[in-house]
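Dear colleague,

I am handing over the structure that follows, together with some notes on what was found in it. Please read them with the model open beside you.

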Amino acid sequence: MSRTVTLVLLDSAGRPLGALPPFGVPEPWWQEAGSIVAAVRQRHGLEVAVLRLLDADRPAPPGGHVRYLAQVVDAPAVPLAPVAVDLAPHPLRQPWAEAGGPADSVAWATGELRRLGRRVTAVAQQRTWNLSAIWRLDTDQGPAWLKQLPPFFRHEPTVLAFPVDQGVGVGADLPGDPNSLINGPVVLAADGEGRMLLADVPGEDRYGAGEGERAAVAAEHHAVQLRACGVVGELVAAGVPDLRGARLAGWIRERLAGHDVSAAAGLLAGLDHRLRQVGDCGLPDTLVHGDLHPGNVRGDDGRRTVIDWADSFAGHPAFDLLRLTEDVDADAAARLIDAWARRWRADVPGSDPHRAVDLLRPVAPLRLAAVYAMFLAAIEPSEHPYHVHDVPAALARAAAAVARP
């Protein structure tokens with residue numbers, strides 16, 4: 001599957017110019033901007049920054065014909081088709097989706113790298129959508145990455161740079177910053193408004209990782225979560241979302257208000273009781289990555305770094321295990337869960353990790369439904385196609401998990 005793209009261009013002052021002829025790009029995922037920028041450079045000799053999604057010929061990604069708004073530095077020589085485009089401001093629009101926004105962010109990152117003694121030799125936009133904007137900056141000392149986040153994800157640099165508590169262990173045995181609590185990318189700079197500059201993480205994203213590599217990820221992540229148990233209150237005080245215990249039920253209901261939750265009505269009605277039962281299982285709250293699948297692990301078979309901590313929160317450690325095992329066969333998942341449970345029983349004698357997993361199995365997709373609902377409430381309507389179908393789909397998975405024997 002691929003995409004066909006139409007770019008509606010703005011000039012350097014943000015005035016509309018018209019639309020480039022449609023062209024194809026290989027990746028079907030609408031948020032991927034790198035191939036769009038490269039194709040326009042190759043076809044027309046233009047440098048553009050993709051700002052945001054305008055519309056598409058299908059209700060949700062991937063693929064199809066997609067229109068974006070983009071900004072060009074120099075006046076294009078290619079004929080442009082006249083097109084009407086709504087440029088009215090929107091209160092939920094992210095800074096990087098506005099004319100001039102990408103240039104401002106790249107200028108900030110370039111200045112920070114200069115302050116660190118690194119000269120930028122090339123900049124390449126990678127991704128833009130309602131959840132993040134990402135650029136690669138090549139320097140004379142290797143690449144760095146600029147990531148910009150919406151308000152509901154702005155705790156990520158706090159998590160990435162959270163210091164090791166010497167009372168619960170040290171991070172020297174993990175990749176990344178040995179002074180950081182977690183195994184994640186090194187933060188080179190952050191502006192407190194959603195921009196952060198990250199050191200490069202060598203290797204490849206581990207999509208398609210097998211059972212053995214997932215087992216290694218789970219074991220390494222257990223060490224992080226065990227350390228984080230001792231500082232979970234400090235993490236919450238620093239701005240990490242607090243979804244511990246009974247707070248999770250209220251958080252879910254608040255975000256799903258206004259959505260059709262009939263598919264999971266029984267689960268929602270009994271959620272408080274279920275979470276009390278989870279608490280009785282005796283496992284401590286900790287830092288939860290929130291989206292621990294192999295694509296958010298980068299490296300090779302021997303050395304891994306967990307990336308993209310924007311979904312992180314304080315809560316139950318089983319949520320990450322359930323995410324890590326949700327797309328493997330039942331036997332492999334059972335073995336991974338057994339190993340996870342053995343580690344927690346050894347560290348927390350008398351706890352019942354298996355029962356906690358069973359109780360939280362339907363809560364995991366229910367929490368995701370609430371996350372997607374949060375996205376929809378916090379993004380402008382033109383970006384809704386990215387997530388509008390995710391809420392009912394996650395609710396259906398939650399209902400199916402309750403019904404599973």
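Phenylalanine 313 is buried, at 1% relative accessibility, where buried means under 20% relative accessible area, exposed over 50% and partly exposed in between (1.4 Å probe, protein chains only). Phenylalanine 319 is buried as well, with a relative accessible area of 7%, and phenylalanine 313 and phenylalanine 319 form an edge-to-face aromatic pair, with 5.9 Å from centre to centre and 65° between the planes. Rings of Phe, Tyr and Trp (its six-membered ring) are taken to pair if their centres lie within 6.5 Å, and planes under 30 degrees apart count as stacked, over 60 as edge-to-face and the rest as tilted.

Before going further, please note that this is a predicted model, in which local features need pLDDT of at least 70 and side-chain atom pairs count only at pLDDT 80 or more, while totals for chains, interfaces and linings use all residues. Residues are numbered from 1 along each chain as its sequence is written, and side-chain values use heavy atoms, with hydrogens and water left out.

A search of the whole structure finds eight aromatic pairs. In one of them, the rings of phenylalanine 153 and phenylalanine 375 have centres 5.7 Å apart and planes at 85°, so this pair is edge-to-face. Phenylalanine 153 lies in the loop between S8 and helix H3 (156-160) and phenylalanine 375 in helix H12, so the pair ties together parts that are 222 residues apart in sequence; helices (H or I, at least four residues) and strands (E, at least two) are DSSP runs, numbered from the N terminus. Both phenylalanine 153 and phenylalanine 375 are buried, and one aromatic cluster is formed by Phe152, Phe153, Tyr372 and Phe375.

In helix H11 (residues 353-360), the residues Pro353, Ala356, Val357, Leu359 and Leu360 are buried. They cover an arc of only 165° around the axis, which puts them on the same side of H11; the arc is that of the directions from the helix axis to the C-beta atoms.

Turning to the strands, an open sheet of five has the order S6-S7-S8-S10-S9, with antiparallel pairing, two strands being paired if DSSP finds at least two bridges between them. Its edge strands, each pairing on one side only, are strand S6 (120-129) and strand S9 (187-190). S9 and strand S10 (residues 195-199) pair in the antiparallel sense over three bridges, and alanine 189 stands opposite leucine 197 in S10.

Two backbone details deserve a look. Most residues other than glycine have a negative phi, and most peptide bonds are trans. Aspartate 308, although not a glycine, has a positive phi of about 60°, and aspartate 308 is found in the loop between strand S14 (304-306) and strand S15 (313-315). A cis peptide bond, with omega of about 10°, joins proline 61 and proline 62, and proline 62 has its place in the loop between strand S4 (48-56) and strand S5 (64-72).

Finally, with a disulfide taken as a pair of cysteine sulfur atoms within 2.5 Å, the count comes to zero disulfides. The sulfur of cysteine 281 is 15 Å from the closest cysteine sulfur, in cysteine 229, which is too far for a bond, and cysteine 281 is buried, with a relative accessible area of 3%.
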